[in-house]
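Trainee: I would like to learn how to read a protein model. Can we go through it feature by feature?

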Amino acid sequence: LRNRMRFAPLIRLGLKRIDRLEFAKQAHVYRTRWDKNEATFFGINEDWIVVTTNKELLKKTIDLQFLNEEPEPLPKTLAGEAAFKGMDARMGADHLARAFLDTNRLIEVTGDNLGIPEEISDPVLGLFLGGVVELIGHGDFAGFTLDYSDKKLRFRAGIDVGPEDISEEYGLFFSGGDGVGVGLPPKVPGYIGGVSLCRSFGDWYQKREDAVRVALIPGVESFDGDVGDLLMGKAGGDDGLLGNNVMFLSAHADDAGIDGNGIKLPGFAFVVDLANPNDADESLVRLFRAALVDLEKNNDLPGNAWNNGTEKHQGITITYASREVAEGEVQMIPASARYKNWFIVSSSRQLCRGIIDQLSSRGVTVLKGEDLALDLRFDELSRFFAVNQRQYEAELVRSGRPVEQAKVDYQNIEKFLKGMKYLRCSSSASSGTFEFSLEGEFK
């Protein structure tokens with residue numbers, strides 16, 4: 001009952017219960033709310049969940065769960081295959097639920113890469129997923145486990161193949177080696193969430209022609225020119241500024257501006273590990289200026305809209321920019337600074353100061369053996385939505401919902417967010433294996 005109460009707001013947002021009388025004694029049956037012809041159907045029982053792409057298949061599958069006939073013995077099962085046994089042992093047996101995917105057989109049905117598009121058109125998404133997509137197509141099995149209690153949820157996925165089993169272009173998307181690890185974003189006041197990557201960014205960028213040739217990230221060429229060369233180095237030339245760790249984070253701030261719909265934005269920051277910090281200061285000023293140009297484009301601001309300034313915080317020079325705003329308008333004050341080997345670019349001077357405070361008092365926590373980490377704090381995310389409730393309800397109305405339904409939908413989102421405490425994800429790749437884990441805690 002407690003679990004149903006937790007997830008009921010989320011279910012109501014995306015699913016519609018159907019055929020109560022027909023399936024009353026067997027399961028609760030739902031379909032997705034969008035186009036009926038493209039709907040996904042769910043049957044939920046105390047002991048199982050059935051998911052199908054059409055209603056007739058759903059009914060047949062549910063009926064099978066209630067047959068009392070003894071099934072005929074199978075002449076051959078996956079349990080006898082060596083690759084399956086290896087993945088079975090790797091994932092462990094003591095879990096609430098386990099699932100395994102025979103990638104080789106599925107490739108025979110869906111074609112190369114399991115039907116996953118070869119192109120990842122978004123460059124940032126490609127940076128996260130490009131290598132993982134390639135790994136899936138080279139393994140024999142993928143394994144999945146789920147563990148759930150009153151307070152915690154844990155999901156884990158594994159593939160029986162590692163970076164050494166794929167071509168060099170894709171191998172660049174993994175940190176590649178024991179002893180490395182990803183730095184976790186500084187937990188500033190009002191921290192909403194963040195994501196960190198450990199990658200060989202210079203190698204990845206300098207070999208981008210290979211990446212483009214295999215259509216890994218078509219948008220990678222957007223990094224060309226001054227900014228790309230400055231960050232990651234020129235092919236066959238000087239090394240770039242960027243080391244192997246990059247952190248993105250978001251936190252509440254009073255000087256991060258508003259978007260076109262009037263939503264008060266949190267502060268966003270990009271914190272990078274510098275390969276040669278002592279030689280970087282002049283180049284970092286250029287990089288901050290390039291970031292301001294992007295802000296002008298994204299916020300429809302006139303060119304040269306910024307008034308430049310500097311200040312000292314904990315002995316560190318912060319370079320910032322401000323602009324003239326109307327009375328009562330939320331100010332946006334982007335800022336940058338270098339603390340030791342870390343360079344900070346932030347949409348908020350307040351957030352930039354907070355990052356410096358955390359780096360100086362706590363340093364950077366490194367998650368050894370991992371090359372990606374993500375975390376989200378739902379108390380702070382709920383607070384962000386509460387501040388912008390009126391704007392989000394208006395956005396729901398603009399998307400076609402009646403006013404009262406928009407209020408109900410917002411309340412469902414709010415209930416779900418307030419029922420969660422945190423969500424954490426991480427991934428690692430080593431010899432012969434790739435693993436991804438997700439952990440969440442309820443209140």
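Predicted model: local features only at pLDDT ≥ 70, side-chain atom pairs only at ≥ 80, totals over all residues.

Trainee: How many helices and strands does the chain have?

Mentor: There are 14 helices and 19 strands. Of the 443 residues, 43% are buried. Buried means under 20% relative accessible area, exposed means over 50%, and partly exposed is in between, with a 1.4 Å probe and protein chains only. Now look at contacts between residues at least 6 apart in sequence: 62% of them join residues at least 24 apart. A contact here means heavy atoms within 4.5 Å.

Trainee: What is the strand order in the open sheet of four strands?

Mentor: First the idea: strands of a sheet pair through backbone hydrogen bonds, either parallel or antiparallel. We call two strands paired if DSSP finds at least two bridges between them. The order here is β1-β2-β3-β4, and the pairing is antiparallel. β1 (15–17) and β4 (49–52) are the edge strands, each pairing on one side only. From one strand to the next, the twist averages 25 degrees.

Trainee: How many bridges join β1 to β2?

Mentor: Three, between β1 and β2 (residues 28–32). Lysine 16 has arginine 31 of β2 as its bridge partner. Next, β2 and β3 pair over four bridges. There, histidine 28 stands opposite isoleucine 44 in β3. β3 and β4 also pair antiparallel, over four bridges. A hairpin of four residues joins these two strands, β3 and β4.

Trainee: Which residues of β3 are on the covered face, and which on the uncovered one?

Mentor: In a regular strand the side chains alternate between the two faces of the sheet. In β3, Phe41 and Gly43 are on the covered face, while Phe42 and Ile44 are on the uncovered one. Helix α2 (residues 55–64) lies across β2, β3 (41–44) and β4. It runs at about 150 degrees to β4. Axes are lines fitted to C-alpha atoms, for helices over the stretch in contact, and angles run from 0 to 180 degrees between N-to-C directions.

Trainee: Is strand β10 enclosed or open?

Mentor: Eight of the 10 residues of β10 (residues 242–251) are buried, so this strand is largely enclosed by the rest of the structure. β9 (residues 191–198) pairs with β10 in the antiparallel sense over seven bridges. In that pair, valine 195 has phenylalanine 248 as its bridge partner. β10 also pairs antiparallel with β11 (residues 267–274), over seven bridges. Valine 246 has valine 272 of β11 as its partner.

Trainee: At what angle do α12 and α14 cross?

Mentor: Two packed helices are described by the angle between their axes and the distance between the axes. The axes of α12 (residues 378–387) and α14 (residues 403–419) come within 9 Å and cross at roughly 155 degrees. That makes α12 roughly antiparallel to α14. The cut-offs: under 35 degrees is roughly parallel, over 145 roughly antiparallel, 65 to 115 roughly perpendicular, and the rest oblique. On the α12 side, Phe378, Leu381, Ser382, Phe385 and Ala386 make the contact; on the α14 side, Tyr410, Leu417 and Lys418 do.

Trainee: Where does glutamine 314 lie?

Mentor: Most residues other than glycine have a negative phi, and most peptide bonds are trans. Glutamine 314 has a positive phi, near 55 degrees. Glutamine 314 lies in the loop between β12 (307–313) and β13 (316–322). It is exposed, at 53% relative accessible area. Lysine 340 also has a positive phi, about 50 degrees. Lysine 340 lies in the loop between β14 (335–339) and β15 (342–346). It is exposed too, at 58%.

Trainee: Is phenylalanine 442 buried or exposed?

Mentor: Phenylalanine 442, in strand β19 (residues 433–442), is buried at 3% relative accessibility.

Notes: Residues numbered from 1 in each chain as written. Heavy atoms only, no water.
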